[in-house]
Amino acid sequence: MNRILLLGAPGSGKGTQAAKITQNYGIPAIATGDILRENVAAGTPLGLEAKRYMEAGELVPDDLIIALMNDRMHEDDAKNGYILDGFPRTIAQAEALDEFLAKSGGELDHVFYLTAPKDVLIARIAGRRVCPQCGAIYHMTRFPPKTPGVCDVCGAAIIQRKDDNAETAENRIDVYERQTKPLIEYYEKKGILMTFDSALGSEIVQAKIDEVMAA
Ligand code: AP5
């Protein structure tokens, strides 16, 4: 069983690595940001509530996220493992995850912490484009699609996320520093945190993660 948590600032490469792990190991990536964006697009009550926080680069309140994840982690595809991307993001969320794991008789196998300097994060966020249909992630200069503006995987028109502007990105990184960074110590104390320098490039990070997963 592989229960993996990806931790890191906005733009550190969590979504990029989650997609590679899913591809290589067949375990689903559960990304709270993606689930929230789907809810915003569908205009659900959760989406309507979450939208203003997301567009300001603030965290959506813990109670909404914990309820959402309790449901999602009980779905069938999560029975044989999962990659958590973007959850937990606060100590309260981490404690809720611990409770969920205790009830289901399991624990996290790995916490992979991706690091990069702030200027690198900002440049990645500014250049990111995503496919709204299949979720593929691109970068305008580093990982552009083969045909400009068109997703390699499904052919849809790629877009820029609403929260990927300079001002919101700065705030997201500040929020991360204040509210999510304490989780580094939380998981260090549990002895399951491994740190990877994501400024080295996504293939190198992927190879290092593969080494750990294969051990
Ligand atoms: P979310 O969607 O989770 O966004 P995030 O944490 O800000 O993370 P990002 O998606 O920006 O970055 P990433 O680390 O996945 O980087 P990526 O792989 O795309 O959350 C959005 C919002 O939802 C939050 O602000 C909040 O409002 C709300 N939310 C979500 N979860 C929540 C929770 N638990 N509690 C409360 N609120 C919550 O890579 C970035 C770019 O860099 C890409 O273009 C990629 O191609 C490129 N790249 C990636 N890796 C490398 C590399 N190693 N070298 C070079 N380029 C790279």
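1. Helices here are DSSP runs of H or I with at least four residues, strands are DSSP runs of E with at least two, and both are numbered from the N terminus. By that naming, G149 lies in the loop between β6 and α7 (166–180). G149 counts as partly exposed at 36% relative accessibility, where buried means under 20% relative accessible area, exposed means over 50%, and partly exposed is in between (1.4 Å probe, protein chains only). The C-alpha atoms of G149 and P45 are separated by 31 Å, and these residues are 104 residues apart along the chain.

2. On the origin of the values: this is a predicted model, in which local features need pLDDT of at least 70 and side-chain atom pairs count only at pLDDT 80 or more, while totals for chains, interfaces and linings use all residues. Residues are numbered from 1 along each chain as its sequence is written, and side-chain values use heavy atoms, with hydrogens and water left out.

3. The ligand is surrounded by 34 residues, of which the closest are T16, E58, R89, R128 and R172; a residue is counted as near if one of its heavy atoms lies within 4 Å of the molecule. By class, this shell holds eleven nonpolar, 13 polar and ten charged residues, where Ala, Val, Leu, Ile, Met, Phe, Trp, Tyr, Cys and Pro count as nonpolar, Asp, Glu, Lys and Arg as charged, and the others, Gly among them, as polar.

4. An N or O atom in the side chain of R128 is 2.6 Å from an oxygen atom of the ligand, and one in the side chain of Q93 is 2.9 Å from a nitrogen atom of the ligand. From the backbone, an N or O atom of S12 lies 3.3 Å from a ligand oxygen atom. The ligand taken alone exposes 1,000 Å², and the protein buries 98% of that; accessible areas come from the Shrake-Rupley method with a 1.4 Å probe, and for residues only the protein chains shown count as cover. The elements that give two or more residues to the shell around the ligand are α1 (14–25), α2 (32–42) and β6 (137–139), and α2 gives the most, with four residues.

5. For α1, the twelve residues should span 16 Å at 1.5 Å a residue, and the end C-alpha atoms are 16 Å apart, which agrees; the expected span is 1.5 Å times one less than the number of residues. In α1, K14, Q17, A18 and I21 are buried. These residues cover an arc of only 105 degrees around the axis, which puts them on the same side of α1; the arc is that of the directions from the helix axis to the C-beta atoms.

6. In α2, the buried residues include T32, I35, L36 and N39. They cover an arc of only 95 degrees around the axis, so they are on the same side of α2, whereas E38 and A41, on the other side, are exposed. D34 also lies in helix α2 and counts as partly exposed at 38% relative accessibility. The side chains of D34 and R37 are joined by a polar contact of 2.8 Å. The C-alpha atoms of D34 and G86, which are 52 residues apart along the chain, are separated by 9.2 Å.

7. P88 lies in the loop between β3 (81–85) and α5. As background, most peptide bonds are trans.

8. Two further helix residues may be set side by side. K103 lies in helix α5 (residues 91–103) and is exposed, with a relative accessible area of 72%; its C-alpha atom is separated by 24 Å from that of G26, 77 residues apart along the chain. N70, in helix α4 (residues 62–72), counts as partly exposed at 33% relative accessibility. N70 and L97 are 27 residues apart in sequence and 8.5 Å apart in space, C-alpha to C-alpha.

How values were computed
Polar contact = N/O pair within 3.5 Å; in protein donor to acceptor, adjacent residues only side chain to side chain.
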